[in-house]
Amino acid sequence: MSATPSPNVERTIERCRPEDVTPIQVDADTLESTAPEYLRDLKRELATEGYSPSTLAVRARFEDDCSLATQEEADRIRGHVRAAAFLGAASVRVTCESVPNEEKVRPALAACAERARREGLAFELDAPITLDAE
């Protein structure tokens, strides 16, 4: 049992007022870097222009049935999860068209989803597999 209280969304938004910002989805491929300095500048520029990143979209590439390649891709996705949190996005959407070996990819993506959860982000997966073993 957790000693941390559950968030009360209704109470939190009770006194909220609308802001004049446009929520946007950022394509991870358009980021020049995931370095904190770059992300800090990007976040400031987006805010100046009236944009608020809501989702970071990542295209996953699990093309080889190779443990090392799978781990490298999972590390890249985790870097984007960290970038999404840094930018203030609410979610990370991972799209993957093919999965050569589900037994290798599923735990790698599950670890990315867990990292997103710890960062306070929703993790959406659009892939030919689910994170639950079948």
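Student: Which residues are linked with Glu114 in a network of salt bridges?

Tutor: In this predicted model, a search of the whole structure finds eleven salt bridges. Some of the residues involved form a network, in which Glu114 is linked with Arg117 and Arg118.

Student: How many residues apart do Arg106 and Glu102 lie in helix α4?

Tutor: The side chains of Arg106 and Glu102 meet in a salt bridge, with 3.2 Å from N to O. An α-helix has 3.6 residues a turn, so residues three or four places apart point the same way. Both partners lie in helix α4, and their separation, about one turn of the helix, is four residues.

Student: Which strands does the pair of Arg93 and Glu124 tie together?

Tutor: Arg93 forms a salt bridge with Glu124, and the closest N and O atoms are 2.9 Å apart. The two residues are 31 apart in sequence, so the pair ties together parts of the chain that lie in strands β3, for Arg93, and β4 (residues 122–126), for Glu124. As for accessibility, Arg93 is partly exposed at 28%, and Glu124 is likewise partly exposed, its value being 31%.

Student: Where in the chain does Glu97, the partner of Arg59, lie?

Tutor: A salt bridge joins the side chains of Arg59 and Glu97, at 3.6 Å from N to O. The pair links distant parts of the chain, 38 residues apart, with Arg59 in strand β2 (residues 51–60) and Glu97 in the loop between β3 (91–96) and α4 (102–118).

Student: What covers the buried residues of α3?

Tutor: Helix α3 (residues 67–87) has 21 residues and reaches 30 Å from its first C-alpha to its last, close to the 30 Å expected. Its buried residues include Thr70, Glu73, Ile77, His80 and Leu87. Among the elements that cover the buried residues of α3 are α2 (36–48), β2, β3 and α4.

Student: Which residue follows α3?

Tutor: Helix α3 spans residues 67–87. The residue that follows has a positive phi, near 90°, and is Gly88.

Technical notes: Residues are numbered from 1 along each chain as its sequence is written. This is a predicted model: local features need pLDDT of at least 70, side-chain atom pairs count only at pLDDT 80 or more; totals for chains, interfaces and linings use all residues. Side-chain values use heavy atoms; hydrogens and water are left out. A salt bridge is a side-chain nitrogen of Lys or Arg within 4 Å of a carboxyl oxygen of Asp or Glu. Buried means under 20% relative accessible area, exposed over 50%, partly exposed in between (1.4 Å probe, protein chains only). The expected span of a helix is 1.5 Å times one less than its number of residues. Contact means heavy atoms within 4.5 Å.
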